[in-house]
Each structure stands twice: as C-alpha cells, then as structure tokens.
Amino acid sequence: MNGFDKLTIRKYDLLITGVGGQGNILASDISGEVALEAGYDVKKTDTLGMAQRGGSVISHVRIGKKVFSPLIKDGEVDILLAFEKLEGVRWTNSLRPGAIVIMNNYAQPPLSVSLGVDRYPTDKEVTDIFKQRTDRIYLVDGTQAVTKLGNLRTLNIFMLGCLSQFLPFKVEAWEKSILEHLPERLHNINSAAFGLGRKEIKNVHVG
Amino acid sequence: MNKLLSGNEAIALGAYYAGIGVATAYPGTPSTEILEALASYEDIYVEWSTNEKVALEVGLGACYTGIRTLVSMKHVGLNVAANPFLAAATTGIDGGLVIVSADDPGIHSSQGEQDNRHYAKLAKVPVLEPTDSQSAYDLMPLAFEISEKFDTPVMLRTTTRVSHSKSVVNIMGKRHLFKKKPGFQRNVQKYVMLPVNARIRRPNIEERLVKLAEFAETFPFNTIEPGEKQLGIIASGIGYQYAREVFPKASFLKLGMTYPLPIKLLRSFAGSVKRILVVEELDPFLEESVKALGINVVGKEFIPRIGELNVDAVNAAAEKMGVLKKKTTLPAVNIPADLPKRPPLLCPGCPHASMFYVLASAGQRLKLPNAKVKESKESPLTITGDIGCYTLATYPPLNAMDTTACMGASIGQAIGMEKAGLKTKIAAVIGDSTFLHSGITPLIDAVYNQSKITVIILDNGTTAMTGHQEHPATGISAQGKKVGQVILEDLVRGLGISDVKVVDAFKIRELRAAVKDSLERPELSVIISRGPCAVRTPRGSDVSVIDSERCNKCDICLLIGCPAIQSDGEKLLIDSLMCMGEKCTVCQQICPRQAIKPSSQLKRGANE
C-alpha cells in the first residue's frame, strides 16, 4: 500500500485522544509498557478534566533514548491516535509536519451540539484542518468493526492494533501487555480486536 | 527490575518499602492513588479518614507510638489539615511522619491553585520535591530518616505532572521491617502543648531548622550537574525535567530538598556560572530565598507563575531572556474557534441530575440555550453548592448551582445569606462524602442559630469524583473490609433536626414534593436524595426510547443534561449504548407527552 511505512526516527511522541470512557488511558499505558520492554526510556501522562465520564481525555506517550518532559512539545507529535473525530482534529496544532494521524471514523456529538449551541464539524472540515499539517491521515472504521465483533469496549485495543503497524515493537510484546491488563474472560475478544486493527490499517488509503 | 510507575505509585511503593505501618488520607486529585496503591498491602493499616485534618491527627497518633506513618492529601487538603500540621511541627514525632502534599498547578481538578511549600516554611519543617517517579521512590526512605533524625514531620511535595505521569522506576530492595513494637512514651513536655511546654519546644524548632540547613548541604538529592558556565539553572520538581530538555548543555543545581536551603551549595553554584535562571512551578519560592541571600538570579519575570509549566513555556522564557535564539515556529493551523468543546458532564443515569432538574425547575431556571423566551427574572431560589461531580450542575442546561468555594462551604454560605436578609428561598446542596468531610459542623450551626434553610444531601454511596472511594457512610474500609457505618439520616436527626426526608433520587414526583415542602417550611429541613452512582451501576437492559410519533420536539428532555439524549436539530434520539434504562427512567417521567418509553413497551405497542 502507498505511504505505509514504519517510522524511522529516534523518538516517538504519541498523542492518544478520545472521550472519557473510550479506554484511551489503558491504550497509552500499554503503548508505554511495550516501548519499555523494547528497551526505550518512556514517560507518559494523561490530562483529563474533573469528572469521571464524558469529557475530553488526552494521553501523551513519549518514547526515546532518554526522555525528560512527560508532556509533548507543541508541533512535535509523531503519531496521533484519535478515538473520536472531534477529539482528533482538536489537536492538529500539536502535530509535526507530516505526522501520522490514525483516526476512528466515529462522531460523538458533545452536549452543546445536541442543545443546538454548537455545530459538529463536517468530515471535509476535519480533513481540511488536518491537511494544513499532514497528508498522512488514516481513517479507520473502528467503532463499526468492534460493534460487529460484539464488544464496543475493545475499541482501544483495535486502535492499538492499527498503531502497532507503525512502531518497531514486536507483535508478541503488544499481545503480552494487552493480556496482562485484562481479565481472562476478555482475552479472546481483545486479541481478535487487536488482530482486526492490524489488518484494517493496511486496507486504509491515506488521505 | 524496571517498571513504569506513576509518581503516586512510586511514593506508595517507596513508603511501603520504608517500613510504614500506618497510612491515612482523604481522597483528592492528584493525590488519591497513593492510598489506593497502599490499600493493597495487607500487612499495614490503611484508612480513608473522614477528612484531611482527621487523617493527619490519626497519623500523628500513630507516629507517636514509634510507627512510621504516611499521610497524603491534595494541596487544599492541607488547608483543612493545617491545624494538626503546625501542631505536629511543634511536638515533633517518634516514628517517622511524612505528609504528601500533591499540588495542582493548572487547576485540573481543584477550586484553586496554591504552592504548599509555603506551609512547610510556615511550620518550619523540611520539604522534599521529586522530579519524576524514580526520585519519588528514592526520596521516600530518606524522608522517613530525616523525620526521625530531626524529630520533625517532613513534607513531600509533588505537583500534578509528577503525581500523574508514569516514568521508569528501577525497583530494588524490599520492605524494611522494624522489630520495634508500638509503644507510647509519656512525655508531657513534648506531647502536651500547654503554653508552658510549647514555649519550651519553640526554640527547638529554630535549632532544628539550622541543623536541617546544614544537612541540606550534603543531602544526596541536592546536586550540581556541571555543564557550560554561561548559564546555570536552579530547578526543582517537574520544572527540572522541562529545563533539562530546553537547556541540555547548561549547568544545573537540582534541589530535592527545597526547604531549608543549602546556602553554601547555592553560593558555590552561583560562583561557578555567569547567569542563573530559577525554574519552578507556581510561586517564586526558591527564587525569593536565593535572592534574599544576595545571589543575583532571574525567575518569574520569565517563567510563568500561573498554571502548569511545560517545555513550551520554559522555551519561551529562554527566548525572552535571549539565551536561546528564536526558532522559526510552524505556522499555526487555522482551526475554527467554534469547534465544540467537550466539558465533563453528569453521566447518563446520574442520581444527582434529577434533583438538579427539580431544583432548577423550582428556581425557574430551566431554559434551553436557544429558547426564545424573555430574559428570566431573578430566581426565587438561591442554591449554594459544594465540591463533587455535582458541581457540574452549574452548567447549562441545569444552571442549578450558584456558589462553590471549598469542602462543606455550601451550608455555612446558605446560613449566611439567610441571616444577611436575602429574600429568596435558599437551598444548600452537598454530596454524601463532602457532607461527612466538612458539612456536619455547619449543619450544627444551622440548628443552633435557628436557620430556616433547606439542606440537600446527594447520597450516591461513594466518593465519586475522585474515583469511587469508600467513606464512613458506606461501611466499607479502604482495604475493602466491612466496618462501621454512619447512617446519614440518623446522624442528621441526632443533631435535633425534625424535618428529615429520605427520597429516591430516580422518582421525580417524590423529589418535587419533598423540595416544595421543605422550601415552604419556616424551619431547617434536610432532604437526603439517595441513588447509586451511575458509573458503579450495571446498565439496565430496558433502555428508554423516543416514540417519534408522539414526540413533538419540545426538547424538555434535553433539560436534564443527560449525554445519552441527543438532538441533531431535526429529531431527538436516545443513545441506546449510553442509556441506563430501567435504572433511571427520569426522561420518561418528565416527558409531557409520554413520548419516552421503555424499549420493551414500545416494541409491544408496535406489535399490538
């Protein structure tokens, strides 16, 4: 496929974004552990608002030979993994030019949209904003895929499957870390979600 | 072994290995996870205390028996615990006592920003500041050693980014076990702070500070990292990490103990570099002390004193100072300013939403943002509020909270408004955990001073906002054991309040009747609105559905502010994956056309 390659830089700054309850903190924990296992220095941090559910959640994962700041500098994000479209496009200014965007093709309108105060951006508007920084946009139908699989909560692991194709870490290390974080009854379905994500990303065209 | 740990997890593990026997806390972001991590160890005593003051007093008693003790809290928690904190500084300790103060620059989840190193200076006790999880882990045993060596409580101060970021920790060692059995040595000159004894202790505190300052000179976490002589950085906490990234070649004085300061070390560092920048989060705590020594440094004229620091902020400071050349910045992406924000919300099925809907209705505040009604007159109901998830009811569409100051303030504020002569009805709204933390004493004030306010206790059976910790009314301990349980209605009745109503949070009619009755009564009244937190409740299967034939799009259901009820401007729908179904049904109860039904009924209707 076109434009699909592993990153060949010395550091990987990942930004994982979504809506509270979508599981992106677990996804960021797993990414960090896999990188540590591979011998990198790692720092990760989450910023979330005051409540438990429903607000924007942003996780920074920094991987490199030696990492100081846990927060990524503006304009330095190498990969954006977005679980929801609005929560992805919001962070465009954080991306470095040519960054990789892996975005779940899913919209969850905030309350202000339901109340008719705000308008959810159209798909074209979202793409146009991203294109000011990068053309490498992978739109994946994660929510659809895991709904078919039968467990919406495996979305985060599906997204990790997509992400794993861009990072130089072993598939087994990903799988090991994923299973370590989940109760046994959820092992099979999450392994399946991870595999689906790895496959799906290869079928997606850039742009 | 290398592990990825958060600062809070590292503090907990470090304290456990340092041999603590007791740990106490009241939950508060960003400190909560310290006690949660410690609760998993069965060979120590761990408690959620009623509030931070109690936590520190329990901690003080424990350490008086010779047992190492950890007490953790958020920055504003130390305001509550300030009294025993200063008392502990006066009496000193027996077993080591370490108080973790987790400050929240940037106000991620607090009512304000404050730099608690000032408390250490006020109490004249040493303060240690980790820069990452490894140093948090390494500092813990030293903190206990300092405490015992100098007969003083020790403050370990973190900020949000240290507490809530994960970094690699090399975990060596194991739990340090003491043979010492708990025992209390009567010593009235040390432990009974009658003025005559306190006066004897007083000079000890000053002598202790002098000795600590001397100790700080060779403290292994106060270190010079030599680099180029052009620029020296004095840094502590997370500020060190940001500065290290921005100034890879500069000379550093990294301070792990920031009070009292190592004067000789500071002078020697100052003499070795041309120019010094102090990088610290929040107040110029180090900067002012260093300047007072006559050392020429810059700091807060370049480094922000408000909010969290980050690499961009330190970088901007360096450019402003002229020590870094301005890099050509990326042209900013043109993002429309009207991109909708996504603030946190009360959850679908939140037991608090229904009460706020009723209060907003009683206060004539319910209004859709775009509704074409004339500007509403002054609300006939003033609602003082408190700290918890429910503070979110301040936002539209509920608009149902008028004040939030600090834990427990709602009740006192309501009394004050009434006594000042405010003519509206007044209700104080407070959560169960917050009520137990700080609401009981003001309620006693209301009884004593014959206040006529209505106090509403929102009882969801947990401390929800900080992640569902137990509290005295749940009857479950921090370590998951069944323990004593305070019954809220018995407690309130015991204060001498006769009008106490307990209502089901999911029955709108019941809530309406209770609120109407209480507001009209010329006496103090308490309503306990009870319903389990939605996050801890399994979703019901019989979700609510909108019957599109009956629905006339009046949008009244949107006024609950339930995230599951969505509108695309044309039609209303309920997200079946978010709806709590038969566990809630509040939207079904308020729909004026009975157009919202359980899905089971709607299907049956369709088949008939």
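B:His468 sits in the loop that runs between β16 (454-459) and α18 (488-494) of chain B. Helices here are DSSP runs of H or I with at least four residues, strands are E runs of at least two, and both are numbered from the N terminus. This is a predicted model, where local features need pLDDT of at least 70, side-chain atom pairs count only at pLDDT 80 or more, and totals for chains, interfaces and linings use all residues. Residues are numbered from 1 along each chain as its sequence is written, chains are lettered from A and ligands numbered from 1 in the order in which they are written, and side-chain values use heavy atoms, leaving out hydrogens and water.

Back to the backbone. Most residues other than glycine have a negative phi, and most peptide bonds are trans. B:His468 is not a glycine, yet its phi is positive, about 70°. Is B:His468 buried or exposed? B:His468 is buried, at a relative accessible area of 14%; buried means under 20%, exposed over 50% and partly exposed in between, with a 1.4 Å probe and protein chains only.

B:Gln594 also has a positive phi without being glycine, near 50°. You'll find B:Gln594 in the loop between α20 (586-590) and β22 (596-598) of chain B, and it is partly exposed at 48% relative accessibility.

Chain B has cis peptide bonds too. One joins B:Tyr259 and B:Pro260, with omega about -10°, and B:Pro260 lies in the loop between β12 (257-259) and α12 (263-272). Another joins B:Pro396 and B:Pro397, with omega about 5°; B:Pro397 belongs to the loop between β14 (381-384) and α16 (409-420).

Now over to chain A, where helix α6 (residues 155-164) packs with α8 (residues 187-203) and with α1 (residues 24-37). Axes are lines fitted to C-alpha atoms over the stretch in contact, and angles run from 0 to 180 degrees between N-to-C directions.

| Helix pair | Angle | Axis distance |
|---|---|---|
| α6(A) and α8(A) | about 40° | 7 Å |
| α1(A) and α6(A) | about 40° | 9 Å |

α6(A) and α8(A) are therefore oblique to each other, and α1(A) is oblique to α6(A) as well. Angles under 35 degrees count as roughly parallel, over 145 as roughly antiparallel, 65 to 115 as roughly perpendicular, and the rest as oblique.

Which residues of α1(A) meet α6(A)? A:Leu26, A:Ala27, A:Ile30 and A:Ser31 do, against A:Asn156, A:Ile157, A:Leu160 and A:Leu163 in α6(A), where contact means heavy atoms within 4.5 Å. In the contact of α6(A) with α8(A), A:Phe158 and A:Cys162 are among the α6(A) residues, and A:Phe194 and A:Arg198 among those of α8(A).
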